[in-house]
Amino acid sequence: MVLPKKGAKQRDWITIEHMADRASGNNDKTIALCCGRCNSSRRMSFEKWFKTPYCINRGINKKSVAEPVKAYLKMIARLNPKDLKKYIIKNY
Ligand SMILES: [Zn+2]
């Protein structure tokens, strides 16, 4: 995490988004930089999150997200959840 400038609000901080659930662990393919507001907002799968008013109002969707998130979404689309867990543990 990068510390904010003096006076910056927590929602504007640069945070680390853990794209996979924490129980599965995370590695360099499952983390991305993210603003504090988006990080706090996404407490669900990307699929569900993209359908929330938060994302709809901000134009956040699978096409507009940053490259690391696109790569992650492509990766999980190819794996079933059990294989994803194995993949993450193996590469952690
Ligand atoms: Zn954001």
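This is a short walk through one chain, from its overall layout to a few residues around strand S2.

To begin with, the model is predicted. The average pLDDT over the chain is 84, and 80% of the residues reach at least 70. Confidence is not even along the chain. Helix H3, residues 53-58, has the highest mean, at 97, while helix H5, residues 81-91, has the lowest, at 64. Please keep that in mind when you look at H5 on the screen.

Now the layout. There are 5 helices and 2 strands. Of the 92 residues, 9% are buried. As for contacts between residues at least 6 apart in sequence, 44% of them link residues at least 24 apart.

Next, the strands. S1 covers residues 14-18, and it pairs with S2 in the antiparallel sense, over 5 bridges. One of the residues involved is Glu-17, whose bridge partner in S2 is Ala-32. S2 itself spans residues 31-35 and has two faces. Ala-32 and Cys-34 lie on the covered face, whereas Ile-31, Leu-33 and Cys-35 lie on the uncovered one.

Which residues make up the largest nonpolar core? There are 5 of them: Met-19, Ala-20, Ala-32, Cys-34 and Tyr-72. In soluble globular proteins, nonpolar side chains tend to be buried together. Both residues of the covered face of S2, Ala-32 and Cys-34, are therefore in a set of buried residues, given how such a core is defined.

Let me stay with Ala-32. Beyond its neighbours within four places in sequence, Ala-32 contacts Glu-17, Met-19, Ala-66, Pro-68 and Val-69. Take Pro-68 from that list. Pro-68 sits in helix H4, residues 67-78. Along the sequence, Pro-68 and Ala-32 are 36 residues apart, but their C-alpha atoms are 6.2 Å apart in space.

Is Pro-68 buried, exposed or partly exposed? It is partly exposed, because it has 17 C-beta neighbours inside 10 Å, and a buried residue needs 20 or more.

Last, the loop between S1 and S2, where we find Lys-29. Lys-29 has 16 other C-beta atoms within 10 Å, so this residue is partly exposed as well. Lys-29 and His-18 are 11 residues apart along the chain, with 9.7 Å between their C-alpha atoms.

To sum up, S1 and S2 pair in the antiparallel sense, Ala-32 of S2 belongs to the largest nonpolar core, and Ala-32 is also in contact with Pro-68, a residue of helix H4.

Methods. Residues numbered from 1 in each chain as written. pLDDT = per-residue confidence, 0-100. Helix = DSSP H or I, 4+ residues; strand = E, 2+ residues; numbered from the N terminus. Buried ≥ 20, exposed ≤ 12 C-beta atoms within 10 Å, placed from the backbone. Contact = placed C-beta atoms within 7 Å. Core = buried A, V, L, I, M, F, W, Y, C linked by C-beta atoms within 7 Å. Pairing = 2+ DSSP bridges.
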